[in-house]
Amino acid sequence: QDMKCLGVLFGLTVLVSSSPALAQSTNPSIAFGNRHAVALLTNGDVLTWGENVYCQLGRGSRGNAGRTPAIVMRNARAIAAASDHTLVLTDEGKVYGWGMNPEGALGTGNTNDQCEGPTLVESLAMHTVTHIATGSGFSVATTAEGDLYCSGDNSVGQCPVGRTGRVEVFTKVPTPELAGNAGEVRAGAFH
């Protein structure tokens, strides 16, 4: 796939493609938060372990440490972990999330921590998502249509959606240069 770096736009590194497509086949990976870890196995299973004070393990409870890796989801294509929240992209292009949510990074329409385990992110459910990334209190996703969406903390412009403050649902980034061209995205702590 032909990928080109558009550059850093509002603090987000944006790669563009002439043909947006679903993410590549599942590759094993590990993502780390402040005190938890998430692993994606080659068969699509997602395992978590570590501290669970903010429900960051996705195991349906709060306040216990999970020292042993345990499966929390299957049929995953990609994972992304921030300090205290996690997103998973499924083979079907759907996004699930769990963990701490004071800034709306999970895109659930509220700021409640998600402690019931993996929950479908409804604000992206009508799209086929191709890539996900997480930062400190915010999350980003690209779709098969080549659009970039963002949710969460926007105090320093991390979610360039045309307004300041918290963004509690995934909202399309209204930048003409990105429309239909976003292929992959990565996020840092506050960018």
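A disulfide here means a pair of cysteine sulfur atoms within 2.5 Å. By that test, a search of the whole structure turns up one. Keep in mind that this is a predicted model, where local features need pLDDT of at least 70, side-chain atom pairs count only at pLDDT 80 or more, and totals for chains, interfaces and linings use all residues. Residues are numbered from 1 along each chain as its sequence is written, and side-chain values use heavy atoms, with hydrogens and water left out.

**The disulfide**

The bond runs between C55 and C115, with an S to S distance of 1.9 Å. It ties together distant parts of the chain, 60 residues apart: C55 sits in the loop between β5 (46–50) and β6 (66–73), while C115 belongs to strand β10 (residues 114–120). Strands are DSSP runs (E, at least two residues), numbered from the N terminus. The S-S torsion of C55 and C115 is about 75°, so the disulfide is right-handed.

How covered are these spots? Buried means under 20% relative accessible area, exposed over 50%, and partly exposed in between (1.4 Å probe, protein chains only).

| Residue | Relative accessible area | Class |
|---|---|---|
| C55 | 2% | buried |
| C115 | 12% | buried |
| N75 | 44% | partly exposed |

Most residues other than glycine have a negative phi.

**Around β9**

Strand β9 (residues 95–99) is mostly covered, with four of its five residues buried. Two strands pair if DSSP finds at least two bridges between them. β9 pairs with β8 in the antiparallel sense over five bridges, and β9 and β10 also run antiparallel, joined by three bridges. G97 of β9 stands opposite L87, and its bridge partner in β10 is T119. β8 and β9 form a hairpin with four residues between them, and G93 in that turn has a positive phi of about 85°.

**The core**

A nonpolar core is a set of buried Ala, Val, Leu, Ile, Met, Phe, Trp, Tyr and Cys residues joined through side-chain atoms within 4.5 Å. The largest one has 13 residues, of which V95, L124, V129, I132 and F170 touch the most other members. β7 (76–81), β8 (85–90) and β11 (129–135) each supply at least two residues of this core. Setting aside neighbours within four places in sequence, I132 is in contact (heavy atoms within 4.5 Å) with residues including I79, L87, V95, V140 and V185.
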